Amino acid sequence: MASLIDRYVNSVADKLIADGKRLIANALSTKTYKHDTYNLHDSYGAGVYYRGKLIREYYNTPSKAKKPKKNLGELEYGKDNIRDYLHEEYKPTTNGIVLVVVATMFYGEILERGGGKLKQKYKVISQISSDVDDVASKYKGSVRQIGL
């Protein structure tokens, strides 16, 4: 039988991952870039960590990617990129419960910043910052980082 703490953590984790899924849906419904290969679309995801361990994850699936993107000479699919980020790259800075919501394809940052050959800046994920603040407030938590 699970302890009271385990049940509480699992309950909060279930609610957080549902909020993460909703945040991603909001980001995708308000994005301003046009899908080309769908790799950026597939690189949105969320993870819930407790005591530094990934205990819930959400991927924006099913995959719609048509072809991989090249980054530093390597081919990458968005779905692989988000999985690698949540399982291997992201390291929480606290032992508490942490919700992470990201779009991990390298060119998401390029689209958000604009400039260069781009004619404008595009909304990828930063447009949900007030929604992220609302989720943090709901749990009496804090937002550690928003941005690129």
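Predicted model: local features only at pLDDT ≥ 70, side-chain atom pairs only at ≥ 80, totals over all residues.
User: Why is the pairing of R113 with E109 called a salt bridge?

Analyst: The closest N and O atoms of R113 and E109 are 2.8 Å apart, and because the criterion asks for a side-chain nitrogen of Lys or Arg within 4 Å of a carboxyl oxygen of Asp or Glu, the pair R113 and E109 is counted as a salt bridge. The background is that side chains of opposite charge can pair when their charged atoms come close.

User: Are R113 and E109 buried, exposed or partly exposed, and how do you know?

Analyst: R113 has a relative accessible area of 47%, while E109 stands at 34% relative accessibility. Buried requires a value under 20% and exposed a value over 50%, with partly exposed in between, so R113 is classed as partly exposed, and E109 is likewise partly exposed.

User: What makes the salt bridge between D19 and K138 a link between distant parts of the chain?

Analyst: In this pair the closest N and O atoms of D19 and K138 are 3.0 Å apart.

User: Why is D19 called buried?

Analyst: The relative accessibility of D19 is 7%, and since buried means a value under 20%, D19 counts as buried.

User: What makes helix 1 roughly antiparallel to helix 5?

Analyst: The two helices pack at an angle of about 165°, with their axes 10 Å apart. Angles over 145 degrees count as roughly antiparallel, and therefore helix 1 is described as roughly antiparallel to helix 5. The contact is made by D19, R22, L23 and N26 on the side of helix 1, and by D131, V132, V135 and K138 on the side of helix 5. The crossing of helix 1 past helix 5 is right-handed.

User: How do you know that Y33 is buried, and which residues is Y33 in contact with?

Analyst: Y33, placed in the loop between helix 1 and helix 2 (39-42), has a relative accessibility of 6%, and because the limit for buried is under 20%, Y33 falls in that class. Neighbours within four places in sequence aside, Y33 is in contact with several residues, including L28, L40, H41, Y44 and Y122.

User: Where does Y122 lie, and what separates the C-alpha atoms of Y122 and Y33?

Analyst: Y122 is found in the loop between helix 4 and helix 5. Although Y122 and Y33 are 89 residues apart along the chain, their C-alpha atoms are separated by 5.6 Å. Beyond its neighbours within four places in sequence, Y122 has contacts with T32, Y33, L111 and E112.

User: Why are R51 and K140 called exposed?

Analyst: The relative accessibility is 58% for R51 and 77% for K140, and since exposed means over 50%, R51 counts as exposed, as does K140. R51 is in the loop between strand 1 (44-50) and strand 2 (53-59), whereas K140 lies in the segment after helix 5.

User: What is phi of R51 and of K140?

Analyst: R51, which is not a glycine, has a positive phi of about 55°, and phi of K140, also a residue other than glycine, is positive and near 55°. For background, most residues other than glycine have a negative phi.

Notes:
Residues numbered from 1 in each chain as written. Heavy atoms only, no water. Buried < 20%, exposed > 50% of the residue type's maximum accessible area, 1.4 Å probe, protein only. Axes fitted to C-alpha atoms, helices over the stretch in contact; angles between N-to-C directions. Helix = DSSP H or I, 4+ residues; strand = E, 2+ residues; numbered from the N terminus. Parallel < 35°, antiparallel > 145°, perpendicular 65-115°, else oblique. Left-handed = near helix turned anticlockwise from the far one by under 90°. Contact = heavy atoms within 4.5 Å.
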